[in-house]
Amino acid sequence: MSSQNQPMQLGQSDLFSPKVEEYLEERAALRRAMPDIEPQSLIRRIVFAPYFYLSIACGTGAFVAWAICEPFYTDGSEGNGLIAFLMFAIVAGCVGFFLGAAEGIMCRNLPRAAISAVVGLGVGFGGGIVAIIPAGIVFVVMLHFAASFMENPEVNEMPTGFALLLIMMGRAAAWAIVGIPAGLGQGIAVRERKVIMNGVLGGLLGGLLGGLLFDPISFVFITADGQAAASRCIGFVTIGVLVGVFVGLVEQWTKTAWLLMRAGPLAGKQFVLYKQSTILGSSPKADVYLFKDDAIEPRHAIIHNRGGRFEIEDCGTADGTYVNGIPIKMQLLKPHDQIVLGRTVLEFSLKEAH
């Protein structure tokens, strides 16, 4: 009577049998009522979009870098050697610090945020020091080419025309090189190759576009007496924002499977499934940290990536793991499946192969 696979046949005399009532109650008890899922507002969807909160984080990091450097930098002075040398590294380090912290802060996982921030700072600053050499070489070479298109390269004034374009391209290439270590730290902290590649590509593209805009920003915001503090601030922040935007966009472009929290404290947050085995639980060490739910155990369920087919496994929990309201021990996931753990609902999505 209780077998899930055996068909049940009822006659007229069975309709009011106690066994039928018991069976129906048993089947109803196995199901888990879906928590209420409220429609997500546009603001909430924007706030939880990676390209939004990563751009805010990286822009903040770039502003902090400017605030650190600016008191030691004097326009028109030849005594800016050390701070001018360290400026790239300081920007990369501060952007890496805030980029590393952003995901942990958004997930309310402060230990992970702290570790990733420290790693991001170290990788960004150290990598920025190393990047100074190739970035400087590229920029000097482009300056040399630009000088050949200037009527009087000895005059200390902003070039125009093709010479300006060459300088802009050189600065863009230099910042693209510096953007790579700025985006690296987050992936190194979580030891995930795909996150590293997202950071490298996002940092390179963001630095490239931000560096390309640096000189036009200078044209607009430099003062009549040649003071460029405001233009440097806006230029650095623009580079930081674009690094964050592109790291987030690259994550969206390259993801193959992900979970969207439909109900829970982070409703609207997306969790990309990078690993072969992704742990869901209430422990801060879990890959998907589900807090504020007493029914969720520290290690509650695992999603296994089996060659592009994703399978969820319950870890023998008391409250259980449910897919579309049905309790499971092991279940192959399909797009739009609703995973219920306690009061949390996660919707599974899979990018279609082309």
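In this predicted model, ring pairs join Phe-88, Trp-175, Phe-214 and Phe-236 into a cluster.

| Ring pair | Distance between centres | Angle between planes | Arrangement |
|---|---|---|---|
| Trp-175 and Phe-214 | 6.4 Å | 25° | stacked |
| Phe-214 and Phe-236 | 6.0 Å | 40° | tilted |

Both pairs bring distant parts of the chain together. Trp-175 belongs to helix H6 (residues 161-190) and Phe-214 to helix H7 (residues 193-221), 39 residues apart. Phe-236 lies in helix H8 (residues 229-254), 22 residues from Phe-214. Trp-175 has 5% relative accessibility, so it counts as buried. Phe-214 is buried too, at 12%, and Phe-236 is also buried.

Let's turn to the nonpolar core. The largest one has 63 residues, and Leu-259, Ile-303 and Ile-339 have the most contacts inside it. Helix H4 (residues 81-106) gives the most to this core, with eleven residues. Beyond its sequence neighbours within four places, Leu-259 is in contact with residues including Phe-271, Ile-303, Ile-339 and Phe-348.

Lysines also meet rings here. The charged end of Lys-255 sits over the ring of Trp-258, 4.0 Å from its centre, while that of Lys-269 sits over the ring of Phe-271, 5.0 Å from its centre.

Finally, the strands. S5 (residues 301-306) and S6 (residues 309-314) pair antiparallel over six bridges, forming a hairpin with two residues between them. Gly-307 in the turn has a positive phi of about 65°. On S6, Glu-313 stands opposite Ile-302 and also opposite Met-330 in S9. S6 and S9 (residues 330-332) run antiparallel, joined by three bridges.

Conventions. Residues are numbered from 1 along each chain as its sequence is written. This is a predicted model: local features need pLDDT of at least 70, side-chain atom pairs count only at pLDDT 80 or more; totals for chains, interfaces and linings use all residues. Side-chain values use heavy atoms; hydrogens and water are left out. A nonpolar core is a set of buried Ala, Val, Leu, Ile, Met, Phe, Trp, Tyr and Cys residues joined through side-chain atoms within 4.5 Å. Buried means under 20% relative accessible area, exposed over 50%, partly exposed in between (1.4 Å probe, protein chains only). Helices (H or I, at least four residues) and strands (E, at least two) are DSSP runs, numbered from the N terminus. Contact means heavy atoms within 4.5 Å. Two strands pair if DSSP finds at least two bridges between them. Rings of Phe, Tyr and Trp (its six-membered ring) pair if their centres lie within 6.5 Å; planes under 30 degrees apart count as stacked, over 60 as edge-to-face and the rest as tilted. A charge sits over a ring if NZ of Lys or CZ of Arg is within 6 Å of the ring centre and within 35 degrees of the ring normal.
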